[in-house]
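Colleague: Morning! I've got the new model open. Can you walk me through it?

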Amino acid sequence: MLNNIDEELVLRLKEDEADAFNALYWKYHQAVFANIFKLVREEEAARDLLQEVFITLWEKRATLDTEKSVSGWLFVVSYNKSVTYLKKVLQAAVAPDAVPEELPLAEEPHWNVREVQYQLLEEALGQLSPQRRRVFELCKLQGKTYEEAARELNISRYTVKEYLSAAVASIKSYIKDHPDYPLSCYCLGLMSLFLS
């Protein structure tokens, strides 16, 4: 029934109905804010990013797929915007002192700190088993509790906790084990913001 309500709201949103947009905002804004805040840990930045997520929802309304979960779409967009924000903050903090932009680095004259960090994160997530990755996505990216994730995956709360712990350890280990990536220690610093 929940999916039917969301599907109806998305259909109306695609028809430019502001009331449908408002309904989706009031239904999901708290969960999306909590998801963003877990990542950025700054209330003002989280509020700004929340507004960006819903502006994007309005701007992309015509391209939304009614067959897919709008809540999932919102969480993915909020995660992407949060990671982009964190990468900008990290670059601003690290690049001026540690990596002057005018100096090329070994055999990589166009090396970009943010892209390397993102690539390393994606590779670390790709090393997880499907079940561990799903638990990580539900708990860390969608902000679900152990109980909610356990119900959705039809496994015990204890198993969710174990999978999440293993996923976090695996990601941290993957980052530490790849010193060939420039500034991998800073990548670990970025990850620690939402792996805790």
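Colleague: How many residues apart are F33 and F37 in helix 2?

Modeller: Four, so about one helical turn separates F33 and F37. Helices here are DSSP runs of H or I, at least four residues, and strands are runs of E, at least two, numbered from the N terminus. One caution: this is a predicted model, where local features need pLDDT of at least 70 and side-chain atom pairs pLDDT 80 or more, while totals for chains, interfaces and linings use all residues. Residues count from 1 along each chain, and side-chain values use heavy atoms, without hydrogens or water.

Colleague: Got it. Is F33 buried or exposed?

Modeller: F33 is buried, at 18% relative accessible area. Buried means under 20%, exposed over 50%, and partly exposed in between (1.4 Å probe, protein chains only). F37 is partly exposed, at 34%.

Colleague: And which residues of helix 2 meet helix 3?

Modeller: Helix 2 (residues 18-40) faces helix 3 (residues 43-59). On the helix 2 side, the list includes A18, F21, L24, Y25, Y28, F33 and F37. On the helix 3 side, E43, A46, L50, F54, L57 and W58 are among the residues they meet. Contact means heavy atoms within 4.5 Å.

Colleague: Why is the pair of F21 and F54 called edge-to-face?

Modeller: Because the planes of F21 and F54 stand at 85 degrees, with the ring centres 6.2 Å apart. F21 belongs to helix 2 and F54 to helix 3, so this pair ties together parts 33 residues apart in sequence.

Colleague: What about burial for those two?

Modeller: F21 is buried, with a relative accessible area of 16%. F54 is buried as well, at 2%.

Colleague: Back to F33 and F37. Are their rings stacked or edge-to-face?

Modeller: Stacked. The centres of F33 and F37 are 6.0 Å apart, with 20 degrees between the planes.

Colleague: Which residues share an aromatic cluster with F21?

Modeller: Y25, W26, F54 and W58. Together with F21 they form one cluster.

Colleague: New topic. Where is R61?

Modeller: R61 sits in the loop between helix 3 and helix 4 (70-98). R61 is buried, at 18% relative accessible area. Setting aside neighbours within four places in sequence, R61 contacts L13, K14 and D16.

Colleague: Now A124. Which helix holds it?

Modeller: Helix 5, residues 113-126. A124 is buried, with a relative accessible area of 0%.

Colleague: What does A124 touch?

Modeller: I171 and Y174, not counting residues up to four places away in sequence. Look at I175 too: its C-alpha lies 7.0 Å from that of A124, although the two are 51 residues apart along the chain.

Colleague: Last one. Which residues of helix 7 are buried?

Modeller: A149, A150 and L153, within residues 146-153. They span an arc of only 100 degrees around the axis, which puts them on the same side of helix 7. That arc is taken from the directions from the helix axis to the C-beta atoms.

Colleague: And what follows helix 7?

Modeller: N154. The phi of N154 is positive, near 60 degrees.

Conventions. Axes fitted to C-alpha atoms, helices over the stretch in contact; angles between N-to-C directions. Phe/Tyr/Trp six-rings, centres within 6.5 Å; stacked < 30°, edge-to-face > 60°.
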